[in-house]
Amino acid sequence: MTNIGLIGCGYWGPNLLRGFMDCPGAAVSMVADLDQERLDYVAQKYPSVKTTKDYTDLFSDAVDAVVIATQPSTHYRFAKEALLKGKHVLVEKPIAGKRLIGYLPENAPAYTDMTVSGFLGFAAEIRGLRG
């Protein structure tokens, strides 16, 4: 089971949350957002999911992968921090691009750029930035 943490539950985050909650082999264990109303929504709809206003809580050992669904200007910062903490990272488009390559250790977890087709048809495009 892959434990997922979601940063951002505003515009597209709830769709990602719903998709991962329905995905066999995955469990969303924590959601971070600055908006308490969004966190209350998550807590009501998904009581098993912990909520926090501090995204760094997702870097705990309880989370294997971090999904970033925030404003594009924050993608690089959040992805870099998650990679440096050894987390798998999925970034909603637009991705921070090749600026992150320097933060991928030799044994780096997968780095995923997700391309969504329709309603989370999970037409995910996996790109290994290393080669």
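Author: Two strands pair if DSSP finds at least two bridges between them. Strands (E, at least two residues) and helices (H or I, at least four) are DSSP runs, numbered from the N terminus. This is a predicted model, where local features need pLDDT of at least 70, side-chain atom pairs count only at pLDDT 80 or more, and totals for chains, interfaces and linings use all residues. Residues are numbered from 1 along each chain as its sequence is written, and side-chain values use heavy atoms, with hydrogens and water left out.

The strand to look at is β2, residues 26-32. Six of its seven residues are buried, so the rest of the structure largely encloses β2. Buried means under 20% relative accessible area, exposed over 50%, and partly exposed in between (1.4 Å probe, protein chains only). For the protein chain, 44% of the 131 residues count as buried.

Take the pairing with β1 (residues 2-7) next. β1 and β2 run parallel and share six bridges. Thr-2 has Ala-26 of β2 as its bridge partner. The chain gets from β1 to β2 through helix α1 (residues 13-21), in a right-handed β-α-β crossover. Right-handed means that, with the strands pointing away from the viewer, the path from the first strand over the helix to the second runs clockwise.

β2 also pairs with β3 (residues 50-52). Three bridges join these two strands, again in the parallel sense. Val-31 stands opposite Thr-51 of β3.

Four bridges link β1 to β4 (residues 65-68), and the two run parallel. Ile-4 of that pairing stands opposite Ala-65 in β4.

Now place the strand in the chain. The protein chain has three helices and seven strands. Along the sequence, the pattern reads β-α-β-α-β-β-α-β-β-β. Contacts (heavy atoms within 4.5 Å) tell of links along the sequence. Among those between residues at least 6 apart in sequence, 45% join residues at least 24 apart.
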